[in-house]
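Me: I'd like to learn how to read a few features of a protein model. Could you walk me through them?

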Amino acid sequence: MTDSPASPATSRLALAAAGVTVVLWASAFVSIRSAGAAYSPGALALGRLLAGALVLGAVLLIRREGLPPRAAWPGIAVSGILWFGAYMVALNWGEQEVDAGTAAMVVNIGPILIALLGARFLGEKLPPRLIAGMAVSFAGAIAVGFSMSGEGHASVLGVVLCLLAAVAYAGGVVAQKPALAHGSALQITTFGCLVGAVACLPFGRQLVDEASRAPLSATLNMVYLGVFPTALAFTTWAYALARTTAGRMGATTYAVPALVVAMAWVLLGELPGLLTLAGGALCLAGVAVSRSRPKPPSRTPADSVGTGKAP
């Protein structure tokens, strides 16, 4: 699918789909905090992916969409291994080694990498508004990160793992974009999730052992991660990505830190400080700038007379 101008209705649907993704991905951080206390990084990733693949497979069968075309499989395989597999394991592991603030700051280089890789491999443009918006949002993410660090700890291993998660995330998104030109969002997401689950099968024994001992709340959070932030959110992401550039979609995810702050406030009673609130506001402002488009030049009455058209 090309990046040709979409109709206003399609653009609104794509924006709504991106909004659903961002909200559900933000909620994932709250669930990971609970499930991660009972499940190791690989087991949690596998359980999440199996739950997501089960739901996506059922929907795919109901809709009778079948297998994606052969041309879509390279992108599905790469995005499945990098994004659904490596990213989830590395992020789960990294967040056990570093405090939340450090993880947020390191992982948030992902959208910047997406824009750069999209320009290099997909031929996408880097408009000034996108660059400016990403700079503002990244500054906000750093502010949120510092405010969340507190007296936490950070290890070299944890920072490296979060960096690997960011690289895997960016590579997966850029690989997924061409695949969406050949298959539907549901097809690309379903089989990407399956590829990621297969890649995580070595953690199967850990998952079985830990599931037998884990509290019900942790297991329910793992299932929630699979059904909503994975099955639903990755599908709405793919729908929106097929209708815009990878760089613009990556910049949209900078709204996640702001939403995480709000959800932690409402659901966990964690009152954010002024620096956290300011950082969240910057994140949202940057997203607004990055997704805005320059207004067309206004036409003067003289132009209208010269062309014979009404102003």
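Reply: Happy to; we will look at a helix pair, the cysteines and a backbone angle. Keep in mind that this is a predicted model.

Me: Let's start with helix packing. At what angle do the axes of helix H2 and helix H9 cross?

Reply: The general idea is that two packed helices are described by the angle between their axes and the distance between the axes. Here, H2 (residues 41-63) and H9 (residues 204-213) have axes that come within 8 Å and cross at roughly 90°. The two helices are therefore roughly perpendicular to each other. On the H2 side, the contact is made by Ala 43, Leu 46, Gly 47 and Leu 50, while H9 brings in Gly 204, Gln 206, Leu 207 and Glu 210. Sorted by class, this contact of H2 with H9 has four nonpolar, three polar and one charged residues.

Me: Now the cysteines. How many disulfides does a search of the whole structure find?

Reply: The idea is to look for sulfur pairs within 2.5 Å. Searching the whole structure gives zero disulfides. Take Cys 193: its closest cysteine sulfur is in Cys 200, 9.6 Å away, which is too far for a bond.

Me: Is Cys 193 buried or exposed?

Reply: Cys 193 counts as buried, at 0% relative accessibility. Cys 162 is buried as well, with a relative accessible area of 0%.

Me: And the backbone angle: what is the phi of Arg 64?

Reply: In general, most residues other than glycine have a negative phi. Arg 64 is not a glycine, yet its phi is positive, about 55°. You will find Arg 64 in the loop between H2 and helix H3 (73-97). With a relative accessible area of 77%, Arg 64 is exposed.

Key: Residues numbered from 1 in each chain as written. Predicted model: local features only at pLDDT ≥ 70, side-chain atom pairs only at ≥ 80, totals over all residues. Heavy atoms only, no water. Axes fitted to C-alpha atoms, helices over the stretch in contact; angles between N-to-C directions. Helix = DSSP H or I, 4+ residues; strand = E, 2+ residues; numbered from the N terminus. Parallel < 35°, antiparallel > 145°, perpendicular 65-115°, else oblique. Contact = heavy atoms within 4.5 Å. Nonpolar A, V, L, I, M, F, W, Y, C, P; charged D, E, K, R; others polar. Buried < 20%, exposed > 50% of the residue type's maximum accessible area, 1.4 Å probe, protein only.
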